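Dear colleague,

I am passing on a structure that I have been going through, and my notes follow below. Please read them with the model open beside you.

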Amino acid sequence: MPRSRFAVRSRRAFVDGGFRPAVVVVEAGRVVDILDGTRRSPARTRLVTVPDDAVLLPGLVDAHVHVNEPGRTEWEGFRSATLAAAAGGVTTIVDMPLNSLPPTTSAEALEIKRAAAAPSAYVDVGFWGGAVPENLGALAPLHDAGVFGFKCFLAPSGVDEFGHLDRAQLGRAMAEVAALGSRLIVHAEDAALLSDPGALGRGYDAFLQSRPPESERAAIAAVIDAARSTGGRAHILHLSDARSLPMIAAARAEGVDLTVETCPHYLAIAAEDVPDGAGEFKCCPPIREADNQDLLWAGLIDGVIDAVVSDHSPSTAELKRAGGGDFGLAWGGISGLQVGLSVVWTEARRRGIPLDVLIPLFTTGPARVAGLDAGRIEVGGPANLTVFGVDDTMRIEAAALRHRNAISAYDGATLRGRVRRTWLRGESIFDVTEGRAGEAPRFRGAPTGRLLRRNAARREHDGR
Ligand code: ZN
């Protein structure tokens with residue numbers, strides 16, 4: 001039998017949008033057959049059996065990750081980020097265009113970024129481009145080079161080299177992106193409704209008040225106007241303000257091409273629970289109050305929210321603790337790439353929401369947002385698979401997570417559900433059982449992640 005042929009048997013495999021008993025047959029990195037039930041076993045095939053207290057999922061897709069290499073690799077690099085992804089069951093990430101240097105705002109910058117990623121990618125990596133005041137009118141080369149869409153800000157981004165767009169520029173960017181057939185993904189906070197940056201003190205309330213929900217609402221309304229008037233495709237990044245959801249649903253009902261994502265930290269952490277001086281909880285837009293969180297969950301269950309993504313945006317510990325815990329001065333960004341599904345599943349259990357509601361939000365949802373062909377277990381597709389122990393208990397220690405800097409909003413938390421194993425194109429890239437007692441799980445072999453380009457996500461790669 002070919003060594004690369006094996007089958008994974010699971011009583012609960014997520015296939016065709018639901019859980020069912022299945023045997024997934026893999027050969028040469030692809031799913032070649034999906035047998036119904038678990039009793040049949042293909043001949044001459046090595047069999048991996050998923051225990052009954054775990055489920056077999058498609059490899060997760062995280063369409064919102066900031067890998068800061070090159071330029072700010074001390075914040076996060078491709079090796080550490082993709083190892084964290086693999087340990088979190090994520091087999092595809094799409095990298096954001098800012099915080100690395102140069103930012104991904106030209107075709108040349110994209111090639112620099114791809115060269116940095118190529119030797120270190122343990123999972124597949126796609127790239128977003130950036131739309132900034134300086135490159136408006138000249139986005140086509142970056143589109144042709146294969147970015148999945150263009151990110152812009154409507155408020156300061158946090159780094160000087162990635163400027164934000166005013167309303168007129170938003171309209172121009174939307175029109176240009178529409179003409180290219182691409183998508184504009186927007187950090188939707190309105191600069192005019194945010195307080196001036198600067199010291200705010202160690203209390204979370206002052207920070208929360210400095211970035212009110214109205215700033216999200218105004219920015220989202222502007223994005224909807226721009227998408228409506230151009231016929232272009234738009235996406236709202238990291239929605240925190242749940243009261244913007246009716247406006248988004250209404251726009252969509254009227255035919256505006258609009259999607260929206262939220263993040264695990266908005267679904268699982270409430271402002272009331274953020275300790276004073278705890279910069280690891282700072283992100284923009286901010287984590288809001290518990291009543292807002294309830295409405296986000298309603299939007300998720302109603303299907304208004306398309307995707308749950310990490311917005312993994314690390315920095316060094318020094319920057320996260322700048323100003324001795326001053327929420328105005330700390331770097332804004334939460335490092336959650338490795339724990340997203342466990343964080344959301346823990347909260348979903350508490351709310352009585354079943355796992356099958358969540359899986360599309362971590363797989364086909366973000367894939368659709370990015371225009372990626374990924375996130376399904378299907379015959380002919382890549383054998384990107386993950387085993388999730390639904391009842392496992394996992395105590396988070398920031399230092400044990402794989403991302404570069406040992407900072408986590410979940411440090412000390414006990415989560416339910418744990419990724420036990422991940423395959424990328426049939427290769428085991430993470431296996432929790434391989435670590436000896438008290439030792440971190442090992443990763444095998446050289447990185448085999450591919451660098452993805454738009455429209456060629458599944459088949460074309462760097463020749464590796
Ligand atoms: Zn982000």
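I begin with strand 13, which runs parallel to strand 14 (residues 307-308) and is joined to it by two bridges; in that pairing Thr-262 stands opposite Val-308 of strand 14. Helices (H or I, at least four residues) and strands (E, at least two) are DSSP runs numbered from the N terminus, and two strands are taken to pair if DSSP finds at least two bridges between them.

Before going further, please note that this is a predicted model, in which local features need pLDDT of at least 70 and side-chain atom pairs count only at pLDDT 80 or more, while totals for chains, interfaces and linings use all residues. Residues are numbered from 1 along each chain as its sequence is written, and side-chain values use heavy atoms, with hydrogens and water left out.

**The sheet around strand 13**

Strand 13 (residues 257-262) has five of its six residues buried, so the rest of the structure largely encloses it; buried here means under 20% relative accessible area, exposed over 50%, and partly exposed in between, with a 1.4 Å probe and protein chains only. Strand 13 also pairs with strand 12 (residues 233-236), in the parallel sense and over four bridges, and within this pairing Val-260 is the bridge partner of Ile-236. Together with helix 7 (residues 245-253), strands 12 and 13 make a right-handed β-α-β unit, where right-handed means that, with the strands pointing away from the viewer, the path from the first strand over the helix to the second runs clockwise. These strands belong to an open sheet of six, in the order 9-10-11-12-13-14, with parallel pairing. Strand 9 (129-130) and strand 14 stand at its edges with a single partner strand each, so one side of each is left without a neighbour in the sheet.

Strand 7 (residues 90-95) is mostly covered, since six of its six residues are buried. Strand 6 runs parallel to strand 7 and is joined to it by four bridges, with Val-90 in strand 7 as the bridge partner of Leu-60; the chain crosses from strand 6 through helix 1 to strand 7 in a right-handed β-α-β crossover. Strand 7 also pairs with strand 8 (residues 124-127), in the parallel sense over four bridges, and there Thr-92 stands opposite Asp-124.

**The zinc ion**

Which protein atoms are donors of the zinc ion? They are NE2 of His-64, NE2 of His-66 and OD of Asp-311, lying 2.1 Å from the ion. Donors are N, O and S atoms within 2.8 Å of the metal (3.2 Å for Na, K and Ca), and sites may look incomplete because water is not among the atoms.

**The largest pocket**

The largest pocket has a volume of about 730 Å³. On a 1 Å grid over the protein atoms alone, a pocket is an open set of points where a 1.4 Å probe fits, with protein on both sides within 12 Å along at least five of seven lines, and lining residues have an atom within 4 Å of a point; grid points are joined across faces, edges and corners, and the volume is the space filled by probe spheres set on the points. Its lining comprises 39 residues, of which Pro-156, Ser-157, Gly-158, Arg-211 and Cys-284 lie nearest the centre, while strand 10 (150-153) and helix 5 (204-210) each supply at least two lining residues.

**Backbone points to check**

Most residues other than glycine have a negative phi, and most peptide bonds are trans. Asp-311, the zinc donor, has a positive phi of about 45 degrees although it is not a glycine. Asp-16, in the loop between strand 1 (6-15) and strand 2 (18-27), has a positive phi near 55 degrees and is exposed, at 72% relative accessibility. The peptide bond from Leu-101 to Pro-102 is cis, with omega near -5 degrees, and a cis bond also joins Cys-284 and Pro-285, with omega about -5 degrees.

With best wishes
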